Amino acid sequence: MDQVVFQSVRKIFRHRPALFNWLGSERGGETVALKDVSFSAARAEVLVLLGPNGSGKTTALKLISTMLLPDDGSVQVGGFDARRDAGEVRRQVGIAVAAERSFFPRLSARENLDFFAALDEVSRSEREQRVKEVLTDTGLEEQADTLVMKFSSGMYQRLGIARALVKRPSVLLLDEPTRSLDAATTAHFWATIRDLARQQTTVLLATHNFAEAAAVADRLLLLHRGELLADRPVDHGESAETLRTFYFRMTGEIDEAMGATHGAGRAP
Amino acid sequence: MVRDGRPDLTTMIPTTMTSTLDKLYAILRRDLLTAVRHRSGFVVTLVGVFTELAAFYFLSRAIGPGFRPGGLEYFPFLLVGTGVYTFFVMSAQAFLSAVQEAQQTGTLEVLMTTSTAPAQLIILSSVSAFAGNLVNLLVYLFAGVAIFRASVHANFFSCAAVLIFSLAIALALGIAAATLQVAFQKGSALLWLLSSGLWFLSGTMFPIQSLPRPLELLARAVPLTYSIDGMRRALLEGQSVTAMAPTLAVLAEFGIVLLPLALAGLALSLRRARQDGTLSFY
């Protein structure tokens, strides 16, 4: 059975200008973030949502997490509808958002994780051990008792991943999870994702990093301007370069980096 | 379940209750830790309390002993009026600030994806905000009695009854401010209306009988009027719960009407924000 099902989902953001809009240049209208997008993710699968900024990757993750509601279509997690059974969906989903500062600044990393674990109904007897585990998994054990207001961007990002993991979700949603991480931490994190999949966790990861997609994906969804352009398996060992070529072929965008490289190497 | 020959109370409490209490404890702990780590915050509050009380004490002395609203000395009258009013406004303000801060940092969106239902989360958070300000109210009243010698004849049961019934109204107020904040990013407007518009209608500094008749009638439609009046009678006159039954009944009626209304409004505004993608707008 599919763990996540996205069926003909349409999401529109409507912009309502201010009352005295004639004073400024704010525009009304609407942005179609997702246009009739359908896909599914099986248990223990790592599904990578690849696409440029504004392609609808984050919107898709937010819809699965119940942060957003679809305008049309349905989103299901573990057989529960995200609109009708939002509570059941939230019990199964853990999300690490791109907003780095979504923590309580005057609490330590441990205290923040303990707080969110309590709201996620992790029992008090298990909480201490689970918090310790995720702090170790994300390499934050030395900063466990530091107030998060003193954290760097990378540490915030690791803490966000720890927060998503502490409830042991069956579906893990990651929005650009390695954006601020150093190379060693990134490599360790990619290995962690593959471990989670082996432990039957379904992972949906939004990124525009080809190396990341190649390192972790079982399957790749290519989103572009709210449309699903491709849904294809990724062979283990497939290179980032192959995915890059595939991306530019499908989107029709110009690979300026490659063009520059080719241009530089060309004889006058 | 029996453990060591005694009933195990933890298994007798329903799981949902244990879970709710656990969440409330987590929220109270978060707010307490945040408050104590603002190192100068408590000292500033204490200085503010002392300065405000001193101002009211000397104001009542300047006016003289001849002015006895409702037969009460003016300083105790002011002490209770301003204390209860400040408790209401500052509690709602603290709660609203927490919601605004959560919107700005992106915490609100994340909180809304935890296993805790959004409405439950908001109610528990507001309880925490009110608990913090209840401590401030008690410090304020204690300082007024201990330092400035306000004469009180408290009936503690009546005081507790007024406080409990008033809490439901205060919760409704805090939730209404959060609702406006989530829906229109305008929770502060409601508080501005309350703090600048209603204080003179609720008998905070002078009896509502001094107002022109139309304004007096308007004042009787303000729940805060009954909370302040009830607390004065319970704390300063020592009236019994029975004697205060009509006031308590009015407070209960306000609570029964306002709290469900505020909760329904909140549920609606949260749903709309999830539909429009405006949960983190501020």
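Which residues of S8(A) are buried on one side and which on the other? Thr202(A), Leu204(A) and Ala206(A) are buried on one side, and Val203(A), Leu205(A) and Thr207(A) on the other, which leaves both faces covered. Buried means that 20 or more other C-beta atoms, placed from the backbone, lie within 10 Å of the residue's own. Strand S8 (residues 202-207) of chain A is largely enclosed by the rest of the structure because 6 of its 6 residues are buried. Strands here are DSSP runs of E with at least two residues, helices are runs of H or I with at least four, and both are numbered from the N terminus.

This is a predicted model, in which local features need pLDDT of at least 70 and side-chain atom pairs pLDDT 80 or more, while totals for chains, interfaces and linings use all residues. Residues are numbered from 1 along each chain as its sequence is written, and chains are lettered from A in the order in which they are written.

From S7(A) the chain passes through helix H6 (residues 183-198) of chain A to S8(A) in a right-handed β-α-β crossover (clockwise from the first strand over the helix to the second, with the strands pointing away from the viewer).

The contact between chains involves 28 residues from chain A and 26 residues from chain B, counting residues whose C-beta atoms, placed from the backbone, lie within 7 Å. H3(A) gives the largest share of chain A's side, 5 residues.

Methods:
Buried ≥ 20, exposed ≤ 12 C-beta atoms within 10 Å, placed from the backbone. Contact = placed C-beta atoms within 7 Å.
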